[in-house]
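Q: I have a new model open and want to learn to read it. Can you take me through it, one feature at a time?

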Amino acid sequence: MARSSSGVIVAALTAAALAGVGFLAFQAEAAPDKPQASHVGASGEAKGKGKAGTPGDGGSGDGSGKDSGQGQEKAVPAVPAGSGTGQRVVYALGQKRVWLVGADGKATHSFEVAPSTVNPQPGPYKVTSRDATGTGSDGKAIEHVVRFHQNTAGIVFGFSAAVDGSLPDPSSGKKTGAVRESPADGRAMWDFAVNGTKVVVVA
């Protein structure tokens, strides 16, 4: 009977030990710090979505760059109708705006200007003279002077930019034909409108 009891006890201890090992193995399998295949996959997918969904990745939305280009085109007003053809400078008196138009009829640059007290008559002209620097009728230092007409009263019409960025003073009472631009726009005009370039003034 003693031997039989010992065998039962050993069998019970062995069963308990095996049960304990199985429980520990189960705990280890379910432990939160054990990497799971599903977690890795979800993390990888999330990273992929993050890269694709981040605005500006790769330089542009769809890689075509069309959005920004179309926006810039819409921001430039259309070249006035009846302003001629070919390469030219178009000056609209009513809009107080200038267009630099290429040989293909498309404006390469457009900007607002500040005219003086006298405007030229609508019509075609051409650049007659240029000066890199000078002094305006208001006594301001100016640059990139592009002249295109002188009327019978001796008033000279031309585009220029004040070095300090100032604009003409219409209340001065002086009869002048200066068309004042910003320094940056004045440089664009200077590079575009060489002597003989067509200048078209429209109402």
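A: Start with pairing: two strands pair if DSSP finds at least two bridges between them. Keep in mind that this is a predicted model.

Q: In what order do the 5 strands of the open sheet lie?
A: In general, strands of a sheet pair through backbone hydrogen bonds, either parallel or antiparallel. Here the order is β4-β9-β8-β7-β6, and the pairing is mixed. The edges are β4 (114-115) and β6 (129-135), each of which pairs on one side only.

Q: How many bridges join β4 to β9?
A: 2 bridges, in the antiparallel sense, with β9 covering residues 177-181.

Q: How do I read the pairing of β6 with β7?
A: Look at direction, then count bridges. β6 and β7 run antiparallel and are joined by 6 bridges. T133 has E143 of β7 as its bridge partner. The two strands form a hairpin with 5 residues between them. In that turn, G139 has a positive phi of about 85°.

Q: And what about β7 with β8?
A: β7 and β8 pair in the antiparallel sense, over 6 bridges. E143 has A161 of β8 as its bridge partner. E143 is also the partner of T133. The hairpin of β7 and β8 has 5 residues between the strands, and G154 takes a positive phi near 85°.

Q: Which strands does helix α4 lie across?
A: Helix α4 (residues 183-192) lies across β6, β7 (141-150), β8 (156-162) and β9. The helix runs at about 50° to β7.

Q: Where does H144 sit, and is it buried or exposed?
A: H144 is in strand β7. Its relative accessible area is 11%, so it counts as buried, the cut-off being under 20%. Beyond its neighbours within four places in sequence, H144 is in contact with D131, A132, F159, S160, G186, R187 and W190.

Q: W190 is on that list. What lies over its face?
A: R130 does, at 3.7 Å from the ring centre.

Q: How many aromatic pairs does the structure hold?
A: There are 3. One of them joins Y91 and F159 edge-to-face, at 5.8 Å centre to centre with 75° between the planes. Y91 lies in strand β1 (residues 88-92) and F159 in β8, so this pair ties together parts that are 68 residues apart in sequence. Both Y91 and F159 are buried. One aromatic cluster takes in Y91, Y125, F148 and F159.

Q: Which members of the largest nonpolar core touch the most others?
A: The general idea: in soluble globular proteins, nonpolar side chains tend to be buried together. Here the largest core has 22 residues, and V89, Y91, V98, F159 and M189 touch the most other members. At least two residues each come from β1, β2 (97-101), β7, β8, α4 and β10 (198-202). α4 gives the most, with 3 residues. Apart from this core lies another, of 6 residues, among them V90, V101, V200 and V202.

Q: What does F159 touch?
A: Leave out residues up to four places away in sequence. F159 then touches V89, Y91, V98, H144, V145, V146, F148, V179, E181, M189 and V199.

Terms used. Residues are numbered from 1 along each chain as its sequence is written. This is a predicted model: local features need pLDDT of at least 70, side-chain atom pairs count only at pLDDT 80 or more; totals for chains, interfaces and linings use all residues. Side-chain values use heavy atoms; hydrogens and water are left out. Helices (H or I, at least four residues) and strands (E, at least two) are DSSP runs, numbered from the N terminus. Contact means heavy atoms within 4.5 Å. Axes are lines fitted to C-alpha atoms, for helices over the stretch in contact, and angles run from 0 to 180 degrees between N-to-C directions. Rings of Phe, Tyr and Trp (its six-membered ring) pair if their centres lie within 6.5 Å; planes under 30 degrees apart count as stacked, over 60 as edge-to-face and the rest as tilted. Buried means under 20% relative accessible area, exposed over 50%, partly exposed in between (1.4 Å probe, protein chains only). A charge sits over a ring if NZ of Lys or CZ of Arg is within 6 Å of the ring centre and within 35 degrees of the ring normal. A nonpolar core is a set of buried Ala, Val, Leu, Ile, Met, Phe, Trp, Tyr and Cys residues joined through side-chain atoms within 4.5 Å.
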